[in-house]
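Dear colleague,

I am handing over the structure we spoke about, and below it you will find my notes on what turned up when I went through it. Please read them with the model open beside you.

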Amino acid sequence: MTEKMLNDDITRQVTEFFQQLQEPVEVLYFGRKDDCDYCDDTRLLLEELVETSDKLALNTYDLDDDAGLAEQYRVDKAPGIVIAGRDGDQILDYGIRYSGIPAGSEFSSLINTMVLVSSRDSGLDPQTRQVLAGLKKPVHLQVFVTPT
Amino acid sequence: MLAHQMALESPMIEAEMVEAMEFPELSNRFHVSGVPQTTINAGAGTVVGAVPEDQLLKEIQRAIAK
């Protein structure tokens, strides 16, 4: 029997936390066969996570085998994760990504982001929303974090 | 989380959380010393630490005005 990424206690807490999920959330995972220390753990983590709610679904891809799709989603690192929405057959890409394993404090960020995406509402201040609505140029934010 | 909120709000914004230790080359390129560090458009702007939304917004505006 393989070791679980999430122990029973965490699984219980996450299941309860995910009661807040509203609209469907689609997770796209991109791994790579070689030279990826955290790919397997990340995939297992996501597999266990999506099991905790029927609002969550996971698609597993490979950065090399599915290069076209990776390019479409602008994923260039493995493990690379896209947290998107789903409306019927349509995947709603909001530009939300994780590069690297979302462990430690990033695990909490990941499940909060899933709830955020499922709400379809950024929750930002009205003034911030107003400024963002006027953006004319693409903005790529890269937030560097560490798992501790 | 704030970056992801902004990405959800605006179709112009993409927000990527990068595990700094797994991608040392990228972390070095953007001189990441403390986390969280937010890099805007490949170094056009930088914010170190967790900041309120108006502050990140200002830095985004400054970075894209360049």
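Helices and strands are taken here as DSSP runs, at least four residues of H or I for a helix and at least two of E for a strand, and they are numbered from the N terminus. Please also keep in mind that this is a predicted model.

In chain B, the peptide bond that joins B:V35 and B:P36 is cis, with omega about -5°, and B:P36 lies in the loop between α2 (24-29) and β2 of that chain. Chain A has a cis bond from A:A78 to A:P79, with omega near -5°, and A:P79 sits in the loop between α3 (67-72) and β3 (80-87) of chain A. That loop of chain A also holds A:R74, which has a positive phi of about 50° although it is not a glycine; with 14 other C-beta atoms within 10 Å, A:R74 is partly exposed. A:R120, found in the loop between α4 and α5 of chain A, is not a glycine either and has a positive phi of about 60°, and its 13 C-beta neighbours inside 10 Å make it partly exposed. As background, most residues other than glycine have a negative phi, and most peptide bonds are trans.

The strand pairing in chain A can be followed from β3(A). Strand β1 (residues 25-31) of chain A runs antiparallel to β3(A) and is joined to it by six bridges, with A:V25 partnered by A:G85. β3(A) also pairs in the antiparallel sense with β4 (residues 90-92) of chain A, over three bridges, and here A:R86 has A:I91 as its bridge partner. These two strands, β3(A) and β4(A), form a hairpin with two residues between them, and A:G88 in the turn has a positive phi of about 65°. Three antiparallel bridges link β3(A) with β5(A), where A:G80 is partnered by A:S99.

A:S99 leads on to the other chain, for its bridge partner in β1(B) is B:V18. β5(A) and strand β1 (residues 13-19) of chain B pair in the parallel sense, over four bridges. The contact as a whole takes 37 residues from chain A and 36 residues from chain B. On the side of chain A that touches chain B, β5 (96-99), α4 (105-119), α5 (126-133) and β6 each supply at least two residues, and β6(A) gives the most, with seven residues. By class, that side of chain A has 18 nonpolar, 12 polar and seven charged residues.

Helix α3 (residues 53-65) of chain B has 13 residues and reaches 18 Å from its first C-alpha to its last, close to the 18 Å expected at 1.5 Å a residue. B:L56, B:I60 and B:A63 are buried in α3(B), and seen down the helix axis the buried residues fall within an arc of 65°, so they line one face of the helix. An α-helix has 3.6 residues a turn, so residues three or four places apart point the same way. The face of α3(B) turned away from the buried side carries the exposed residues B:D54, B:R62 and B:A65. What covers the buried residues of α3(B) includes β6 (139-145) of chain A, together with α1 (2-9), β2 (37-40) and β3 (45-48) of chain B.

With best wishes

Key. Residues numbered from 1 in each chain as written. Chains lettered and ligands numbered in written order. Predicted model: local features only at pLDDT ≥ 70, side-chain atom pairs only at ≥ 80, totals over all residues. Expected span 1.5 Å × (residues − 1). Buried ≥ 20, exposed ≤ 12 C-beta atoms within 10 Å, placed from the backbone. Arc of directions from axis to C-beta. Contact = placed C-beta atoms within 7 Å. Nonpolar A, V, L, I, M, F, W, Y, C, P; charged D, E, K, R; others polar. Pairing = 2+ DSSP bridges.
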